[in-house]
Amino acid sequence: MKTEITELLGIKYPIVQGGMAWVAEYHLAAAVSEAGGLGLIGAASAPAQWVREQVQKAKALTDKPFGVNIMLMSPYADEVADVIVEEGVQVVTTGAGNPEKYMKMWKAAGAKVIPVVASVAMAKRMERMGADAVVAEGSEAGGHIGETTTMVLVPQIASAVKIPVIAAGGIADGRGVAAAFMLGAKGVQLGTHFVVTKESQVHDNYKKCIIKAKDIDTKVTGRSTGHPVRALRNQMTKEYLKKEAEGASFEELELLTLGGLRKAVVDGDVISGSIMAGQSAGLVKEELTCTELIQKLIKEADELLKGNTIYE
Ligand code: TUI
């Protein structure tokens, strides 16, 4: 499956693994890249030295291209931006903000720059600033999200920019991949299904929650504070949403989620932790290796795009 994205990134399949906080570490990123997709290390709110070590460890596991996702709300974003240049990272994706101030520096270092955007205006702005592609992330996605669904966001962004678009949010099988291509995307990014892979180091409790999840099992907290975050429903989301409806302060709400993702990912606390996941959790039925998952996505999408029927 050759597309503008496989050409741009020098990868075999147009499949990108989301740069998920705490989840997207070097084992997972290297496994996805080895399988022919683009693996990402999620810098999240981690210090620059952690990111540097992760990049070096990934380099030891794969000769194939991989990237780093920078979460722009991180207090360490400036230092991590420098690590991209110093370590010669080939691809950088950004989330939760505007990466303009770093673009010149990354481009000069030869990195491909792919901002994650949740609106047409932001996609156009990123193109003007020299972005090589954008990830158009719809609100079905997990974690920090925008307002607009993948189904309507991707075609509008694809019409508005000339650079290739990678669709994200709600994709977990070949039907989603094929649909994204029909909407004008040249690649897809998946997060939730990559959480549930053999190479993912996430606590088994977290993986089991995703496999068990049904269509209506995610909730969005933080809409009132301007930081909407999608996660699987549990005691934490229930308490949060109750407090939010009662008009609790930002500080009080923050206390409920502080360190919550780490609790769920590392400690396996799926009761009071934050089990960030997208609506596609309802489509995730089994734990595969990264190679099995990517092969399945490509095979299914290929059949569908040829006009054949597949049975899930
Ligand atoms: O960034 C994400 N998803 C994330 S980041 C994250 S870490 C976190 N943990 C706890 C609470 C909050 C965050 C978890 N999930 N996705 C990419 C994404 N970027 N979605 C939406 C956006 C976005 C939003 C606004 C991109 C640009 C933007 O621009 C605003 C501006 O500055 O104009």
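This is a predicted model: local features need pLDDT of at least 70, side-chain atom pairs count only at pLDDT 80 or more; totals for chains, interfaces and linings use all residues.

Residues are numbered from 1 along each chain as its sequence is written, and side-chain values use heavy atoms, with hydrogens and water left out.

I begin with the ligand. It is surrounded by 13 residues, and the closest are Ala 96, Gly 97, Val 116, Glu 137 and His 144; a residue is counted here if one of its heavy atoms lies within 4 Å of the ligand. A nitrogen atom of the ligand lies 3.0 Å from a backbone N or O atom of Ala 96. For Glu 137, an N or O atom in the side chain is 3.1 Å from a nitrogen atom of the ligand. For His 144, a polar backbone atom is 2.9 Å from a ligand nitrogen atom.

Next, is Gln 17 buried or exposed? Gln 17 counts as buried, at 0% relative accessibility; buried means under 20% relative accessible area, exposed over 50%, and partly exposed in between, with a 1.4 Å probe and protein chains only. This residue lies in strand 1, residues 15-17; strands are DSSP runs of E with at least two residues, helices are runs of H or I with at least four, and both are numbered from the N terminus. The side chain of Gln 17 reaches the backbone nitrogen of Leu 40 at 2.9 Å. Beyond its neighbours within four places in sequence, Gln 17 has contacts (heavy atoms within 4.5 Å) that include Ala 24, Val 32, Gln 189 and Phe 194.

I turn to backbone angles. Most residues other than glycine have a negative phi. Trp 22, however, has a positive phi near 65°. Trp 22 is in the loop between strand 1 and helix 2, and is partly exposed at 49% relative accessible area. Ala 44 also has a positive phi, near 45°. Ala 44 sits in the loop between strand 2 and helix 3 and counts as buried at 13%.

Finally, the axes of helix 11 (residues 235-245) and helix 12 (residues 250-257) come within 10 Å and cross at roughly 175°. Helix 11 is therefore roughly antiparallel to helix 12, a term for angles over 145 degrees. Residues meeting there include Tyr 240 in helix 11 and Leu 253 in helix 12.

Conventions:
Axes are lines fitted to C-alpha atoms, for helices over the stretch in contact, and angles run from 0 to 180 degrees between N-to-C directions. Angles under 35 degrees count as roughly parallel, over 145 as roughly antiparallel, 65 to 115 as roughly perpendicular and the rest as oblique. A polar contact is a pair of N or O atoms within 3.5 Å; within protein, one must be able to donate a hydrogen and the other to accept it, and residues adjacent in sequence count only if both atoms are side-chain atoms.
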